[in-house]
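User: I'd like to learn how to read the main features of a fold. Could you walk me through this one?

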Protein chains: 2
Amino acid sequence: MVKIAIDAMGGDDGAKPIIDGLVLAMKNNNNFNAIVVSDHDELDFYIPKKFNNRIEILKCNDVISMSDQATEALKRKESSAYMAIDLVKNSKADAYVSAGHSGASMSLATLKIGRIKGVSRPAIATIMPTVTGTSLVLDVGANVDCDANNLKEFAIMGQVYASEVLGIDEPLVGLLSNGEESSKGNDTTKEAFKLCENIPNFMGNVEGNDIFNGTCDVVVCDGFVGNIMLKAAEGVADTITTIIKQNLRRSLISITGAVLMRKVFKKLKLKVDYAEYGGAPLLGIKAPVIIAHGKSNSKAIKNAIFQAIKASDSNLNAIIENRLATYKD
Amino acid sequence: MVKIAIDAMGGDDGAKPIIDGLVLAMKNNNNFNAIVVSDHDELDFYIPKKFNNRIEILKCNDVISMSDQATEALKRKESSAYMAIDLVKNSKADAYVSAGHSGASMSLATLKIGRIKGVSRPAIATIMPTVTGTSLVLDVGANVDCDANNLKEFAIMGQVYASEVLGIDEPLVGLLSNGEESSKGNDTTKEAFKLCENIPNFMGNVEGNDIFNGTCDVVVCDGFVGNIMLKAAEGVADTITTIIKQNLRRSLISITGAVLMRKVFKKLKLKVDYAEYGGAPLLGIKAPVIIAHGKSNSKAIKNAIFQAIKASDSNLNAIIENRLATYKD
């Protein structure tokens with residue numbers, strides 16, 4: 001049975017949503033166990049008795065907070081993140097989930113669990129809502145300066161994750177650029193375009209709007225561009241929501257209108273709500289690592305755990321290693 | 001009186017919206033004349049007689065189409081873009097407006113009109129809607145590979161445009177990055193951060209969402225990031241609109257609801273409608289150059305012409321030259 005190591009510390013709202021999310025996950029899936037690392041003394045208070053035999057609690061004495069440097073993580077051996085990663089490194093758990101300091105999780109995972117053979121740099125992938133479904137975008141933050149070969153590796157890793165974990169058949173992968181033509185791009189992406197041409201289902205350059213219109217299953221960029229694009233997208237969504245809400249208040253002329261808008265917002269939420277997807281996988285690490293948003297609610301944590309289970313149950317990493325070797329130049 | 005050279009060709013819908021936009025502008029502003037370059041034989045058919053003395057028509061024999069390479073533009077001396085730029089170069093007009101091939105306009109403007117002293121590269125700036133007003137983002141497409149000094153020049157040019165043409169008092173300028181801290185960024189933006197520190201009202205790094213939340217008046221990035229961010233933002237707006245419309249159709253339970261939503265859409269359009277802002281100025285050229293969207297309607301063209309007039313009436317370029325010299329390292 002899959003065992004998930006959960007760093008219960010460092011999320012914006014403390015351990016409660018993490019434990020609630022774990023309990024939700026256990027109610028919906030009988031086929032995993034968990035080890036929770038926390039400095040909380042009365043954690044079992046939140047856990048229904050029937051799950052006691054599936055959840056082990058490991059006490060830690062330290063938490064890496066959002067204001068700490070990621071580089072400190074390796075020295076903080078008593079921290080929840082360090083101890084949870086250690087469980088995976090020592091084969092006491094199969095996968096890692098955390099809503100804490102994402103840089104610390106990345107550093108610890110990369111340096112302690114280690115990279116898959118052939119991976120130069122792990123990448124954070126995130127699932128974006130599209131008109132027709134979802135797309136996977138990577139990298140969204142781990143690597144701000146990338147070379148063409150890094151981008152090619154991201155393309156391969158993203159494609160394998162999309163097929164093996166997200167269940168997309170023969171996923172199309174595109175290179176995020178400033179135009180569709182192969183002549184478009186900056187120096188790095190133009191070189192990456194050439195390197196990617198031997199990858200099956202490589203559709204060439206895609207543009208910013210293609211992330212959301214369902215053109216493409218996997219979108220590849222460096223972490224600098226990915227981070228800016230992601231935050232800009234969230235900014236636009238927030239702005240539009242604000243404008244709609246302002247106008248709703250002003251012109252709320254009847255109960256009918258209010259009912260209608262509640263329906264619209266509910267559907268909208270379902271599509272753009274990141275809690276739906278749970279967390280962002282860090283691809284290229286020897287074991288599944290899921291980085292959840294600091295603001296994750298229990299539903300987001302539940303879905304992050306489900307992603308970790310699905311990745312553990314798949315052949316994700318073996319296939320990534322194999323593909324990287326096959327499509328090496 | 002200001003004279004505007006208008007390339008009436010190459011827009012997605014031909015010369016009609018351009019001429020209609022010009023007529024709209026003339027109805028609202030008596031203080032400018034125009035020279036229109038077009039291959040159309042019966043252009044004056046669209047122009048009310050009372051404006052005949054304010055509009056000169058220049059016949060061309062060639063149009064640079066969207067599928068042409070920008071590099072061809074310099075050889076196509078009979079094209080509308082070439083001839084309109086030539087009018088500005090030879091001081092027969094003060095500013096240039098086009099909804100045609102933007103790359104051609106940029107190349108022609110840069111090579112024939114020339115750059116302001118101290119400008120390494122001209123940049124395209126675009127006006128984005130925010131919760132509280134607008135922000136100016138540059139570069140959004142002219143330069144895909146930029147060094148730190150290019151970014152610093154963009155910061156200065158954008159700030160001057162925001163104050164002199166958009167009328168923003170002491171505009172705040174930020175560097176688009178993957179985090180606010182000065183330690184965040186890729187190699188180029190980290191270097192640019194240091195170079196920008198002596199610019200007044202430099203607020204350091206800003207993030208993707210800051211473009212839309214009113215934190216910052218001027219946002220600086222390279223043209224690769226700017227283009228991707230812009231298209232991603234449009235993609236999100238389109239996706240949300242699509243979801244709302246789908247749900248409206250499904251649950252349109254009363255006239256009341258429909259009336260309410262029309263109001264919301266109208267307000268939304270007012271905020272996110274790029275026609276409001278008319279066009280994107282190409283900054284760093286010795287004369288005002290406004291690049292309008294290929295899909296521009298008459299209102300967008302009217303506003304593009306107003307931007308060109310406002311820039312012509314300002315001391316924009318003298319101030320840019322002066323500031324670039326003052327804040328040179």
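Predicted model: local features only at pLDDT ≥ 70, side-chain atom pairs only at ≥ 80, totals over all residues.

User: What is A:Ile6 in contact with, leaving aside its neighbours within four places in sequence?

Analyst: Its partners are A:Ile18, A:Leu22, A:Ala34, A:Ile35, A:Val36, A:Val37, A:Ala84 and A:Val97.

User: Now the sheet in chain B: how should I read its strand order?

Analyst: The general idea is that strands of a sheet pair through backbone hydrogen bonds, either parallel or antiparallel. Here, 11 strands of chain B form an open sheet with mixed pairing, in the order β3-β2-β1-β4-β11-β10-β5-β6-β9-β7-β8.

User: Why is one side of β3 and of β8 left without a neighbour in the sheet?

Analyst: β3 (55-59) and β8 (202-206) of chain B stand at the edges with a single partner strand each, so one side of each has no neighbour in the sheet. From one strand to the next, the twist averages 25 degrees.

User: How many bridges join β7 to β8 in chain B?

Analyst: There are 3 bridges, and the two strands run parallel. Within this pair, B:Val173 stands opposite B:Phe202 of β8(B).

User: Which strands does helix α4 of chain B touch?

Analyst: Helix α4 (residues 148-164) packs on the sheet against β5, β6, β7, β8, β9 and β10 of chain B, and its direction makes about 165 degrees with that of β9(B).

Methods:
Residues numbered from 1 in each chain as written. Chains lettered and ligands numbered in written order. Contact = placed C-beta atoms within 7 Å. Pairing = 2+ DSSP bridges. Helix = DSSP H or I, 4+ residues; strand = E, 2+ residues; numbered from the N terminus. Axes fitted to C-alpha atoms, helices over the stretch in contact; angles between N-to-C directions.
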